[in-house]
Amino acid sequence: MCGLWFALAACGGGGGFPDAPESDSAGPTGTFSVTWSVVDQNSQPISCDTVSAQAMTVLAHNLAIEGGSTQIFSCNTGMGMSQGLAPGDYEMNFELSSGMFGALGMAAKQAPVAITANANLELAPVTFQVEAHGGIALKLATGKPNCDAVSAGGAGITAMTITLNHNSDLTCEPITLSISDGVTQPGGMYTINCTTPMTRVCIEENQTITAMGVPSDSYTIRVKGYVGANLCYLNADSIQVPPLNKLLLGTLNLGQQTQTPGC
């Protein structure tokens, strides 16, 4: 399987209360516990992985003093308990974030929240609503002109198919792609059908494959390149379609040849 060339920010560590700050008080402390969920733009439940959410952060601000204590949870746990906080009245702010895509959303703050010594306070459940759609803008590259004849130094590809499957359950995502016109190759529309993929003419490296309104998730995209009737080039790259209508830019590497006779 060939790698996918993307420039993405480094992912964060995910956090969790074992890594949270030490108690902010030398005397008796109290704690809070919290549960949270993530929903999409239609208020339907989604997983943290769907929108690449890694951390749920609580900024606990003691209203009697400046500053605050940052408590970080791994999003997938859905619940957790803080480390010790000095007793007092607090304002609690909540943020959902991704190491790949940054801040995803805020939840309603809770205040005043009374933390008492030697006790745990259960906060009201927290809900994050995230726009769970994004876009893609991809190019295909074999390391030489995709569609030029082999005798002219090209890959010799004459036809291609494209499929897109969710990594979570392997279901197909039947989106329609827009393919830009190239210098030598025509553009057009391409509707994904993973059961019976539609065959279209070769897509050159200077053409862009785009789609908007794609459900956010981790996918495997498979592109097959045929030379005549022979399957000669293929890939199976994992991509993460971003939330918040953000656009994923990248190049799919079709450099892997199948070694099929006739290629």
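Modeller: Start with the link of Cys-232 and Cys-263, which is left-handed, with -85 degrees about the S-S bond. The pair links distant parts of the chain: Cys-232 sits in strand 18 (residues 230–241) and Cys-263 in the segment after strand 19 (247–253), 31 residues apart. This is a predicted model, in which local features need pLDDT of at least 70, side-chain atom pairs count only at pLDDT 80 or more, and totals for chains, interfaces and linings use all residues. Residues are numbered from 1 along each chain as its sequence is written, and side-chain values use heavy atoms, with hydrogens and water left out.

Colleague: What is the S to S distance of the disulfide that joins Cys-232 to Cys-263?

Modeller: A disulfide here is a pair of cysteine sulfur atoms within 2.5 Å. For Cys-232 and Cys-263 the S to S value is 1.8 Å.

Colleague: Is Cys-232 buried or exposed?

Modeller: Buried means under 20% relative accessible area, exposed over 50%, and partly exposed in between (1.4 Å probe, protein chains only). Cys-232 has a relative accessible area of 0%, so Cys-232 is buried.

Colleague: What is the handedness of the disulfide of Cys-147 and Cys-202?

Modeller: The sulfur atoms of Cys-147 and Cys-202 are 2.0 Å apart. The torsion about their S-S bond is about -85 degrees, so this disulfide is left-handed.

Colleague: Which parts of the chain does the pair Cys-172 and Cys-194 tie together?

Modeller: Cys-172 and Cys-194 form a disulfide with sulfur atoms 2.1 Å apart. Cys-172 lies in the loop between strand 12 and strand 13 (176–179), and Cys-194 in the loop between strand 14 (188–191) and strand 15, so the pair ties together parts 22 residues apart in sequence.

Colleague: Which handedness does the link of Cys-172 and Cys-194 have?

Modeller: Cys-172 is partly exposed at 28% relative accessibility, as is Cys-194 at 22%. With 75 degrees about the S-S bond, their link is right-handed.

Colleague: What pattern do the disulfides of the protein follow?

Modeller: A search of the whole structure finds four disulfides. With bonded cysteines counted along the chain, the pattern is 1-2, 3-6, 4-5, 7-8.

Colleague: Which residue in the turn between strand 4 and strand 5 has a positive phi?

Modeller: Strand 4 (residues 55–62) runs antiparallel to strand 5, joined by six bridges; strands pair if DSSP finds at least two bridges between them. Ala-55 stands opposite Ser-74 in strand 5. The two strands form a hairpin with six residues between them, and the residue with a positive phi, of about 80 degrees, is Gly-67.

Colleague: Which residues make up the covered face of strand 5?

Modeller: Strand 5 spans residues 69–74, and its uncovered face holds Thr-70, Ile-72 and Ser-74. The covered face is Ser-69, Gln-71 and Phe-73.

Colleague: How many helices and strands does the protein have?

Modeller: Of the 263 residues, 44% count as buried. The secondary structure comes to zero helices and 19 strands.

Notes
Helix = DSSP H or I, 4+ residues; strand = E, 2+ residues; numbered from the N terminus.
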